[in-house]
Amino acid sequence: MVENIITLLRWALVIAIIIISGVLMLNAAISDSAIVDEPAHISAGYSYLKFLDYRLNPEQPPLVKMLAAIPLLFQPIKFPLQSLAWNQGTNDQWAIGDEFLYHPGNNPDRILFLARLGPILLTLLLILIIYFWAKEIIGRWWALLPAFLFAFSPLILANGHYVTADIGATLGVVSATAVFLWFLFKPNKKRAILIGVVLGFSLLLKFSVVFLIPYFIFLAGVFI
């Protein structure tokens with residue numbers, strides 16, 4: 001009975017950390033203006049899903065942008081289909097992004113808030129992953145410390161709600177590294193398959209995540 005209460009208390013603390021961090025990021029998502037990359041990323045993600053057109057922002061993988069654009073598909077948003085930048089440009093992402101976000105009839109504040117829900121979810125998922133990884137290393141209660149420090153880091157609270165590839169890349173690096181180390185200590189086929197799935201997911205978040213491959217080779221060499 002006492003053990004069950006302690007377990008419930010521990011999970012209540014984990015959930016409280018995630019909820020409070022999420023509320024803080026939601027507040028920032030409502031009040032912050034668009035940063036430089038967001039108009040291009042949001043319009044790109046919307047065009048991927050709505051028109052199956054991958055011309056915009058090809059320098060970064062699509063997953064974060066597509067996740068951010070999902071809530072926008074259910075909104076009466078006008079996309080600048082008649083724009084010269086869309087019809088004649090190859091990748092006029094900045095012009096199209098500004099036209100999309102500030103198109104007459106569109107609500108830029110609502111578009112920004114809805115698009116930022118995806119990155120916030122990725123950030124909250126990362127907090128949970130950090131807790132589970134730390135739990136395996138330093139124990140159930142001490143794992144609350146790195147989860148807390150990450151969740152309330154000013155850097156994370158300031159950037160975790162923006163529609164950029166940065167928080168996605170962080171999620172990919174942390175989760176893939178955790179799974180790879182898990183495999184190294186107890187290798188089997190299921191874990192090898194899981195590494196492939198998680199690494200594939202990570203590579204869809206930001207191109208620089210490809211450096212995980214030589215990093216994993218280095219870790220394997222150190223381990224051996």
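Colleague: How many helices and how many strands does the secondary structure of the chain come to?

Modeller: This is a predicted model, and from the N terminus on its elements run α-α-α-α-α-α-α-α-α-α-α. The C-alpha trace of the chain spans about 60 × 40 × 25 Å along its principal axes. The secondary structure therefore consists of helices as defined by DSSP runs, and the count comes to 11 helices and 0 strands.

Colleague: What share of the contacts between residues at least 6 apart in sequence joins residues at least 24 apart?

Modeller: Of the 224 residues of the chain, 44% count as buried. Among the contacts between residues at least 6 apart in sequence, the share that joins residues at least 24 apart is 72%.

Colleague: Is helix 1 roughly parallel or roughly antiparallel to helix 6?

Modeller: The axes of helix 1, residues 2–31, and helix 6, residues 108–138, come within 10 Å and cross at roughly 155 degrees. Because angles over 145 degrees count as roughly antiparallel, the relation of helix 1 to helix 6 is roughly antiparallel.

Colleague: What is the handedness of the crossing of helix 1 and helix 6, and how do the residues of their contact divide by class?

Modeller: The crossing of helix 1 and helix 6 is right-handed. Helix 1 contributes residues including W11, I18, M25 and I30, while helix 6 contributes residues including F113, I120, I127 and F132. Divided by class, the residues of this contact are 17 nonpolar, 3 polar and 3 charged.

Colleague: Are helix 9 and helix 11 roughly parallel or roughly antiparallel to each other?

Modeller: The axes of helix 9, residues 166–185, and helix 11, residues 212–223, come within 11 Å, and they cross at roughly 30 degrees. Helix 9 passes helix 11 in a right-handed crossing. Since angles under 35 degrees count as roughly parallel, the two helices, helix 9 and helix 11, are roughly parallel.

Colleague: How many charged residues does the contact of helix 9 with helix 11 have?

Modeller: On helix 9 the contact is made by G172, V173, A176, T177, F180, L181, L184 and F185, and on helix 11 by L212, Y215, F216, L219, A220 and F223. By class, this contact has 12 nonpolar and 2 polar residues, and the number of charged residues is none.

Colleague: Is the aromatic pair of F180 and F216 stacked or edge-to-face?

Modeller: The structure holds 15 aromatic pairs. In one of them, the ring centres of F180 and F216 lie 4.3 Å apart with their planes at 5 degrees, so the pair counts as stacked. F180 in helix 9 and F216 in helix 11 are 36 residues apart, and the pair links distant parts of the chain. With relative accessibilities of 10% for F180 and 6% for F216, each of these residues is buried, and the pair they form is stacked.

Colleague: Is the pair of F185 and F223 stacked or edge-to-face?

Modeller: F185 in helix 9 and F223 in helix 11 are 38 residues apart. F185 counts as exposed at 61% relative accessibility, whereas F223 is partly exposed at 40%. Their ring centres are 5.2 Å apart and their planes stand at 80 degrees, so the pair is edge-to-face.

Colleague: Which residues form one aromatic cluster?

Modeller: Rings of Phe, Tyr and Trp pair if their centres lie within 6.5 Å. The residues that form one aromatic cluster are Y46, F51, F79, W86 and F100.

Conventions:
Residues numbered from 1 in each chain as written. Predicted model: local features only at pLDDT ≥ 70, side-chain atom pairs only at ≥ 80, totals over all residues. Heavy atoms only, no water. Axes fitted to C-alpha atoms, helices over the stretch in contact; angles between N-to-C directions. Helix = DSSP H or I, 4+ residues; strand = E, 2+ residues; numbered from the N terminus. Parallel < 35°, antiparallel > 145°, perpendicular 65-115°, else oblique. Left-handed = near helix turned anticlockwise from the far one by under 90°. Contact = heavy atoms within 4.5 Å. Nonpolar A, V, L, I, M, F, W, Y, C, P; charged D, E, K, R; others polar. Phe/Tyr/Trp six-rings, centres within 6.5 Å; stacked < 30°, edge-to-face > 60°. Buried < 20%, exposed > 50% of the residue type's maximum accessible area, 1.4 Å probe, protein only.
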